[in-house]
Amino acid sequence: QVQLVESGGGLVQAGGSLRLSCAVSGRIFKPNVTGWSRQAPGKQREAVADIVEGTTVTYLDSVKGRFAISADNAKNTVYLQMNALKPEDTGVYYCRIVSGAVIFWGQGTQVTVSS
């Protein structure tokens, strides 16, 4: 059984930093995309950062230069380092792994950035 468990969210002032972690357990066959999405209140969920086919990294335009995604395969953990946080980064952040037609989601971790 596959489980994705996020941690590291919290309340931070604008300009601050947080590092999110996603611990992955269980076997995922040939993951195509490993990444993070977020959902702000009243808005649709959006992709924030992805590692595609293990090599290509993509970012939402509004987080480029501030966020960095990484993965430690030995620890089965995916990270999202978030710097220079802004109030508009507030939302629930979800870890996501895509394997073919199957998408695995974590339960989410709340990030709140105060102005």
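E6 counts as buried, at 5% relative accessibility. Buried means under 20% relative accessible area, exposed means over 50%, and partly exposed lies in between, with a 1.4 Å probe and protein chains only. The model is a predicted one, in which local features need pLDDT of at least 70 and side-chain atom pairs count only at pLDDT 80 or more, while totals for chains, interfaces and linings use all residues. Residues are numbered from 1 along each chain as its sequence is written, and side-chain values use heavy atoms, with hydrogens and water left out.

E6 is part of strand β1, which covers residues 3-7. Strands (E, at least two residues) and helices (H or I, at least four) are DSSP runs, numbered from the N terminus. What is E6 in contact with, leaving aside its neighbours within four places in sequence? Contact means heavy atoms within 4.5 Å. The partners of E6 include S21, C22, W36, Y94, C95 and Q107. The C-alpha atoms of E6 and L20 are separated by 6.9 Å, and these two residues are 14 apart along the chain.

The angle about the S-S bond is -85°, and the link is left-handed. C22 counts as buried because its relative accessibility is 0%. C95 is likewise buried, at 0%. The structure holds 1 disulfide.

The next step is from single residues to the whole chain. How many helices and strands are there in the protein? There are 0 helices and 11 strands. The radius of gyration, taken over C-alpha atoms, is compared here with a globule rule of 2.2 Å times the number of residues to the power 0.38. The protein has a radius of gyration of 13 Å, close to the 13 Å that the rule gives for 115 residues, so it is as compact as a globular protein of that length. Along the principal axes, its C-alpha atoms fill a box of roughly 40 × 25 × 25 Å. Of the 115 residues, 40% count as buried. Among contacts between residues at least 6 apart in sequence, 53% join residues at least 24 apart.

Two loop residues have a backbone angle worth a look. Most residues other than glycine have a negative phi. K30, however, has a positive phi, near 45°. K30 is found in the loop between β3 and β4 (33-39), and it is exposed, with a relative accessible area of 60%. E53 also has a positive phi, near 50°. Where does E53 lie? E53 is in the loop between β5 (46-52) and β6 (56-59). Is E53 buried or exposed? E53 counts as exposed, because its relative accessibility is 52%.

Notes: Disulfide = S-S within 2.5 Å.
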